[in-house]
Amino acid sequence: MTAKAKHLILFILPLLLIACSDTGSLDGNYTITTDAQKNAIKNGGEITISLKAKKNIAFDSVSYAFDGKRIGSSNGLEGVTTTLSSQKLGQRELSATIYAGGESTTTTQKLNILHTKAPKVYGYKIINRYPHQTDAYTQGLEFVGDTLYESNGSYGESNLRKVDYKTGKVLKEEKLDKAYFAEGMTIIGDNIYQLTWKGNTGFIYDRNTFETTGTFTYNKSREGWGLANDDKVIYKSDGTSKIWTLDPSNLSEQSYIEPTDNTKVTSKLNELEWVNGKIYANNYQVDLISIIDPTTGALEGLIDLRTLKNEVQKLTDPANEVLNGIAYKANEGRLFVTGKHWNTLFEIEIVEK
């Protein structure tokens with residue numbers, strides 16, 4: 001063999017060794033797999049987590065974490081079996097950090113943590129009926145004492161109203177600029193907070209004069225849908241699976257829950273109301289009210305109101321003139337509901353099915 005041939009072999013051999021060995025870049029090579037069906041498990045359930053490799057690239061170890069908390073480790077692709085519990089239900093994050101030769105890379109995978117129980121289903125009984133203005137495209141409804149406040153939507157027709165709930169008479173009204181589509185509303189003290197749909201703007205009013213005293217913008221939340229409060233925290237829905245908690249002092253988004261039952265994460269929750277420590281939420285375009293734990297997001301109950309629209313006038317646009325509007329008269333423990341352009345405000349009693 002000539003000296004030139006020897007040099008060529010010595011040059012090619014390291015390249016072949018590199019190509020055939022299990023070393024190389026870790027980035028993008030590994031994905032997380034689980035034995036959970038549709039990447040969902042019930043809270044406190046057991047799950048096996050492992051890695052899937054695109055290429056046979058060697059690594060020293062892998063550390064698994066759930067929402068940033070370490071849950072196990074392995075020296076290979078074999079799985080780690082553990083139980084997962086979360087204070088908050090909904091979409092959470094699995095991560096795997098892979099180590100090799102002093103370097104590391106992290107890959108993530110979303111996992112839905114479901115409620116352990118199916119929601120309890122309730123029916124209703126009509127207690128009283130009161131007139132409701134049919135020009136009101138109801139988006140928000142809330143009592144302060146005996147006075148009802150209402151936020152109504154649609155471009156060019158949006159307004160904020162103070163209403164005599166017994167007669168339906170509008171006592172005070174503030175119209176919004178035609179550029180805004182009003183959405184949910186809630187009241188803390190002398191402040192009324194009103195959302196707009198896609199305007200990325202909320203308005204603050206003086207409850208007594210309806211004078212605009214401030215505005216606020218949305219940050220992480222996508223749109224404005226519904227508002228409610230527990231006197232300390234404001235809750236905001238935005239059309240996604242999230243219900244955000246807002247700081248009333250500046251309306252900044254602090255965190256969120258995701259309403260979740262035993263099979264899925266729920267989205268498109270619209271008008272919100274705080275009722276005896278729970279969030280009641282209209283399911284947009286489905287005549288149901290969800291009962292939600294504000295701490296965990298557990299969807300604990302469903303109030304079936306699908307027959308209630310048979311008790312109002314013939315609707316001209318049934319697909320859009322849906323149930324929307326929940327008001328709890330806390331000083332008397334009475335629950336009221338209505339819908340968009342409905343001619344009736346109903347006082348109802350929730351009954352078990």
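1. Tyr 130, Phe 143, Tyr 165 and Phe 336 form one aromatic cluster in this predicted model. Rings of Phe, Tyr and Trp (its six-membered ring) count as a pair if their centres lie within 6.5 Å; planes under 30 degrees apart are called stacked, over 60 edge-to-face, and the rest tilted. By this rule there are 17 aromatic pairs.

2. One of the pairs is formed by Tyr 30 and Phe 59: the ring centres are 5.4 Å apart and the planes stand at 85°, so the pair is edge-to-face. Tyr 30 lies in strand E1 (residues 30–34), while Phe 59 lies in the loop between strand E3 (45–53) and strand E4 (61–66), so that the pair links parts of the chain 29 residues apart. Strands (E, at least two residues) and helices (H or I, at least four) are DSSP runs, numbered from the N terminus. Tyr 30 counts as buried at 5% relative accessibility, and Phe 59 counts as buried at 14%. Buried here means under 20% relative accessible area, exposed over 50%, and partly exposed in between (1.4 Å probe, protein chains only).

3. A further edge-to-face pair is Tyr 137 with Phe 181, with centres 6.3 Å apart and planes at 80°. Tyr 137 is in the loop between E9 and E10, and Phe 181 is in the loop between strand E13 (170–175) and strand E14 (182–188), so the pair ties together parts 44 residues apart in sequence. Both Tyr 137 and Phe 181 are buried.

4. Charged side chains also meet rings. A charge sits over a ring if NZ of Lys or CZ of Arg is within 6 Å of the ring centre and within 35 degrees of the ring normal. Lys 236 has its charged end over the ring of Tyr 218, 4.2 Å from the centre. Lys 172 lies over the face of Phe 210, at 5.9 Å from the ring centre.

5. The whole structure has 18 salt bridges, a salt bridge being a side-chain nitrogen of Lys or Arg within 4 Å of a carboxyl oxygen of Asp or Glu. In one of them, Glu 311 pairs with Arg 129, and the closest N and O atoms are 3.0 Å apart. This pair links distant parts of the chain, 182 residues apart: Glu 311 is in the loop between strand E25 (299–304) and strand E26 (323–329), and Arg 129 is in strand E9 (residues 120–131). Glu 311 is partly exposed at 34% relative accessibility, and Arg 129 is partly exposed at 47%.

6. Asp 146 forms a salt bridge with Lys 329, with 2.5 Å between the closest N and O atoms. Asp 146 lies in the loop between strand E10 (138–144) and E11, and Lys 329 in strand E26, so the pair ties together parts 183 residues apart in sequence. Asp 146 is partly exposed, with a relative accessible area of 49%, whereas Lys 329 is buried, at 0%. Both residues belong to a network of salt bridges linking Asp 146, Lys 329, Glu 332, Arg 334 and Glu 347.

7. Another salt bridge joins the side chains of Arg 306 and Asp 304, at 2.7 Å from N to O. Asp 304 counts as buried, at 10% relative accessibility.

8. There is one cavity of 30 Å³ or more. On a 1 Å grid over the protein atoms alone, a cavity is a set of points where a 1.4 Å probe fits but cannot get out; a pocket is an open set with protein on both sides within 12 Å along at least five of seven lines; lining residues have an atom within 4 Å of a point. The largest cavity has a volume of about 60 Å³, a volume being the space filled by probe spheres set on the points, which are joined across faces, edges and corners. Its lining includes Pro 131, His 132, Tyr 165 and Leu 345. Strand E11 (147–152) and strand E12 (159–163) are the elements that give two or more residues to this lining.

9. The largest pocket holds about 370 Å³ of space. It is lined by 20 residues, of which Glu 142, Phe 143, Asn 229, Asp 231 and Ala 330 lie nearest its centre. E10, E14, strand E18 (226–229), strand E22 (269–275) and E26 each supply at least two lining residues.

10. On the basis of the values: residues are numbered from 1 along each chain as its sequence is written, and side-chain values use heavy atoms, with hydrogens and water left out. In this predicted model local features need pLDDT of at least 70 and side-chain atom pairs count only at pLDDT 80 or more, while totals for chains, interfaces and linings use all residues.
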